[in-house]
Amino acid sequence: MALIVTTLFFAIFPIFFILFIRRRRERSLRLPPGSLGIPFIGQSLTLLRKMKANTADKWLQQRVEKYGPVSKLSLFGSPTVFIQGQAANKFIFTTDTKIISNQQTASIKMILGECNLFELSSEDHKRVRSALVPFLKPESLKRYVGKMDTEFRNHLQMHWEGKDQVTVLPLMKTLTFNIICSLLFGLESGPRREKLIWLFEQMMEGMWSIPINLPFTNYNKSLRASTEVKNIVKQLVSEKRIDLELKGASYNQDIITSLLSVRDENNKEILSENEIVHNVMLIMVAGHDTSAIVITFIIRLLATNGTVYKAVLEEQEDVRKDKPLGEILTWDDLAKMKYTWRVAMEVLRTIPPVFGGFRKAVKDIEYGGYLIPKGWQIFWATNMTHMDSNIFEEPTKFEPSRFENQSSIPPYCFIPFGGGARVCPGYEFARIEILVAIHYLVTEFTWELGCSDNSYRRDPLPNPAQGLPVKLISNKV
């Protein structure tokens with residue numbers, strides 16, 4: 001019997017081995033073209049270097065010209081498939097989460113936490129998103145326009161008035177973070193807010209980095225700052241829970257209280273503490289940088305494009321002249337700022353704050369005639385459709401009129417806030433911030449660039465040279 005078993009083994013094993021090798025070879029032949037590069041490192045350093053030189057778009061376009069719209073590479077420790085084009089964007093934003101799941105780079109996951117909305121899929125994603133949306137929808141945000149107006153006036157008085165020159169980007173980041181702390185978290189000015197701002201800046205430095213936790217690396221510094229930020233947010237959550245349960249606080253006073261108020265049929269919180277903490281941190285990142293960067297680059301544009309500046313100023317002066325002196329802006333005032341918002345949209349098209357994003361293949365996927373293996377990352381870049389001349393005529397030309405009729409723009413081609421069911425829930429919040437800021441800046445000041453270098457780099461978010469210094473002239477008599 002032993003002889004028979006041994007004979008069968010040696011007869012059958014080579015067949016299975018040959019089939020296994022053939023299957024692996026066939027699988028390999030079905031992978032997209034390209035190279036995974038050096039193990040673990042891959043093309044990560046190249047991408048980061050190109051982003052800092054502001055040539056990442058060209059580098060990716062060269063990949064498309066060499067390999068086509070689907071290619072493989074390795075980014076931030078994971079094998080990755082890069083896809084581009086309208087069909088790719090639609091695939092990213094509409095495919096069921098049982099096929100491709102939300103995923104950011106390993107560094108972002110570790111810094112923000114694995115329960116943030118960008119990491120959750122299927123029912124968990126729907127549950128957390130449904131808890132966030134009520135606070136961020138237009139019907140809820142209308143009541144906060146006045147408070148945002150007050151925050152911005154205070155900011156101008158403290159940091160702009162009486163100054164001959166200011167550096168825009170850091171001031172806009174300070175403004176947007178203060179608005180987030182005040183409106184979304186109910187954290188007023190004081191030592192804790194100041195500490196949180198400092199830690200947050202430390203945390204942001206390693207968001208896109210190779211996840212090797214060695215001393216003195218940006219990733220290590222970000223992880224340590226992230227731990228402290230999470231502890232502060234946990235303390236805030238505990239305080240808000242006490243205010244809600246024992247002091248009768250209003251459920252809509254801030255987003256933390258709103259999340260704590262979402263209950264199931266048994267009156268139990270439907271979100272865990274980690275889900276609340278991690279998504280508060282996500283909102284910090286999304287709300288802080290997107291609006292600050294867009295406002296900064298609008299200011300940069302208005303300093304160099306007299307035609308656009310004149311049209312924006314005229315619209316904002318029309319809004320102001322219909323209001324009694326000193327009266328705060330309202331939701332209806334924002335609705336009149338149509339041209340200003342088209343300018344903002346064109347800035348978002350030409351310089352999107354978010355360079356790109358990632359998903360993860362939950363199972364083997366056929367896409368574009370190639371195999372995307374289970375567990376691989378899927379990467380797309382926003383500008384690949386934003387600057388496509390087949391979609392936007394003369395894409396390098398700044399033309400706000402593109403957005404007079406947004407229905408004329410093909411779906412899934414303009415994606416600074418994502419698309420479809422996965423559009424950023426903070427879209428309206430960002431719109432209010434941007435419009436309120438531009439209203440007061442153009443009506444209160446005239447400015448010109450304070451340096452001759454008009455370039456910018458991505459690190460990974462766009463940063464203008466020297467933070468955009470501008471020389472100010474007050475419009476007040």
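Begin by selecting helix 3 (56–67), helix 13, helix 16 (338–350), helix 17 (383–386) and strand 10, each of which supplies at least two residues of the lining of the second largest pocket. The model in the viewer is a predicted one.

Next, colour helix 3 separately: with five residues, helix 3 gives the most to this lining. To find the middle of the second largest pocket, show Asp57, Thr350, Asn383, Met387 and Tyr456, which lie nearest its centre among the 26 lining residues. The space in this pocket comes to about 690 Å³. Colouring the lining by class then gives 12 nonpolar, nine polar and five charged residues.

Now turn to the largest pocket, which holds about 1,000 Å³ of space. Its lining is made up of 38 residues, and Lys173, Glu201, Met204, His288 and Asp289 are the closest to its centre.

To see the surrounding elements, select helix 2 (44–52), helix 8 (145–159), helix 9 (168–184), helix 10 (191–204), helix 11 (218–246), helix 13 (273–304) and strand 10 (456–458); at least two lining residues of the largest pocket come from each. A colouring by class shows 15 nonpolar, 11 polar and 12 charged residues around the largest pocket.

As a last stop, keep helix 13 and strand 10 in view. Each supplies at least two residues to the lining of the largest pocket, and each also supplies at least two to that of the second largest pocket.

How values were computed:
Residues are numbered from 1 along each chain as its sequence is written. This is a predicted model: local features need pLDDT of at least 70, side-chain atom pairs count only at pLDDT 80 or more; totals for chains, interfaces and linings use all residues. Side-chain values use heavy atoms; hydrogens and water are left out. On a 1 Å grid over the protein atoms alone, a cavity is a set of points where a 1.4 Å probe fits but cannot get out, and a pocket is an open set with protein on both sides within 12 Å along at least five of seven lines; lining residues have an atom within 4 Å of a point. Grid points are joined across faces, edges and corners, and a volume is the space filled by probe spheres set on the points. Helices (H or I, at least four residues) and strands (E, at least two) are DSSP runs, numbered from the N terminus. Ala, Val, Leu, Ile, Met, Phe, Trp, Tyr, Cys and Pro count as nonpolar, Asp, Glu, Lys and Arg as charged, and the others, Gly among them, as polar.
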